[in-house]
Amino acid sequence: MKKLNIWTVTGVGLLIVGLAFPWGSVSDAGPTLPWTIYLQLLFASGFLALALMSVAMVLALRLPKIESWVGGLDQCYRLHRLSAEWGVGLGLTHYLIKVGAKALRKEGLLVKPQGFDSGIPELFSTWHDVAKLLGELGLYASLALVAVALIRAIPYHLFARLHRILPLLYLGFVLHGVVFLPLSYWKNLSGAVFVICVVAGLVATGLSLSGRIGRNRQVQGRVAEVTSLGKGVQEVQIDLGPAWPGHEAGQFALFTFDTREGAHPFTIASAWEGENARLHRIRVAIKALGDYTSTLPGTLVAEAPVRVEGPYGSFIFDQGKGRQIWIAGGIGLTPFVARLEHLVASTAEHEPVDLFYSARHVSPETLARLSTIASAGAVRLHVIDTEQEAPLNAKQVVEMIPDWKASSIWFCGPLKFGDALEKSFMSMGLPKGQFHREAFDFR
């Protein structure tokens with residue numbers, strides 16, 4: 001199935017909103033045009049803000065169907081983040097339009113026509129003060145939460161805890177929207193769009209507040225073994241029992257080792273075949289990269305409980321039937337190890353595969369282990385030790401693989417490394433959609 005990219009989703013959303021907007025109320029304004037334009041800007045910005053916040057709430061549900069539409073949970077969260085940021089931004093615009101109009105009226109630059117009916121239903125008039133207060137306070141809190149999400153120095157666990165306030169703020173925004181949405185919107189297609197968005201958002205809010213998001217994909221397991229691989233990397237083997245549904249090589253899951261910290265995404269570094277499937281065991285490699293992962297070497301022990309949710313992700317090497325080029329940077333090797341295990345266990349022949357592994361100081365043990373499994377899986381291995389040579393670039397790959405344009409390229413590793421490679425390959429003519437990567441950016 002072809003994946004929907006972010007621009008497709010955005011385009012469809014803008015088309016729906018454009019069709020839903022009550023344009024007639026502006027074209028028929030006559031002498032009241034300045035005030036009508038002000039009101040329509042106010043109503044439209046509020047309408048769009050609530051619609052986008054509703055979309056953000058639904059995208060946070062981690063629904064498999066939506067994940068398959070947009071190309072993976074990482075893309076779901078990317079859309080979730082953008083929808084929330086744009087929703088809050090439009091909410092701020094809505095507020096500033098209101099404040100600006102008050103200032104203009106005070107200076108006599110904007111005049112409200114006598115007896116002008118804004119079209120806000122009288123049915124909810126007793127709720128006006130409460131709805132205004134909740135909308136304003138919710139906006140202030142949402143802006144603060146967006147700042148927390150953007151400031152990377154703030155620990156993830158603090159961000160995650162504060163993030164749980166958003167469903168409560170959303171309830172206030174819904175009340176504000178219902179109370180102040182004018183009759184012209186209710187009578188138009190916009191009313192149907194509004195109802196659909198709000199109902200979907202409220203269902204998502206209920207699931208979030210009740211802790212049901214992802215619950216049916218959660219399995220309780222225990223740590224079977226912890227092995228240090230050096231350079232701050234811990235290999236953790238986890239027994240999950242028969243409840244685990246299995247996974248495709250390259251997928252990831254959300255792991256909760258400490259309920260106070262919450263769930264963190266890690267790629268599953270083992271294939272679901274042979275001994276692993278028989279023992280219901282998976283393996284992850286965790287590198288100390290942040291405030292939380294740096295504490296794991298001293299806290300992870302055998303028999304420790306762990307909750308695993310998943311599997312998630314579309315980084316499963318099934319796009320296209322030609323040759324493949326795999327590029328791993330550092331700990332980004334894990335999905336390729338899982339895929340290698342799958343190829344070793346499989347009896348079917350596969351198209352040529354080249355694995356480029358770029359890391360600083362590749363230990364002899366790691367190199368031997370990787371070489372053995374790559375050879376067994378009929379994958380050509382290229383190791384770039386950045387302690388001794390320059391980091392891998394797209395030009396090197398092109399020179400070594402003449403038919404690279406006919407290949408699908410799969411990357412996992414540091415963000416900036418992936419951005420540079422993708423930009424270079426695209427500039428050299430790699431067809432769009434042939435560069436695949438997973439983005440673990442959940443804040």
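## Salt bridges

A salt bridge is a side-chain nitrogen of Lys or Arg within 4 Å of a carboxyl oxygen of Asp or Glu. Asp-419 and Arg-437 form one, with the closest N and O atoms 2.9 Å apart. The pair links distant parts of the chain: Asp-419 sits in helix H16 (residues 415-427) and Arg-437 in strand S11 (residues 435-437), 18 residues apart. Helices (H or I, at least four residues) and strands (E, at least two) are DSSP runs, numbered from the N terminus.

This is a predicted model: local features need pLDDT of at least 70, side-chain atom pairs count only at pLDDT 80 or more, and totals for chains, interfaces and linings use all residues. Residues are numbered from 1 along each chain as its sequence is written, and side-chain values use heavy atoms, with hydrogens and water left out.

## A buried pair

The whole structure holds 15 salt bridges. In one of them, Arg-281 meets Asp-239, the closest N and O atoms being 2.7 Å apart. Arg-281 lies in strand S5 (residues 281-287) and Asp-239 in strand S2 (residues 233-239), so the pair ties together parts 42 residues apart in sequence.

Buried means under 20% relative accessible area, exposed over 50%, partly exposed in between (1.4 Å probe, protein chains only). Arg-281 counts as buried at 19%. Asp-239 counts as buried at 13%.

## Helix H13

Helix H13 covers residues 334-345. The expected span is 1.5 Å times one less than the number of residues. Nine of the 12 residues are buried, including Phe-336 and Arg-339.
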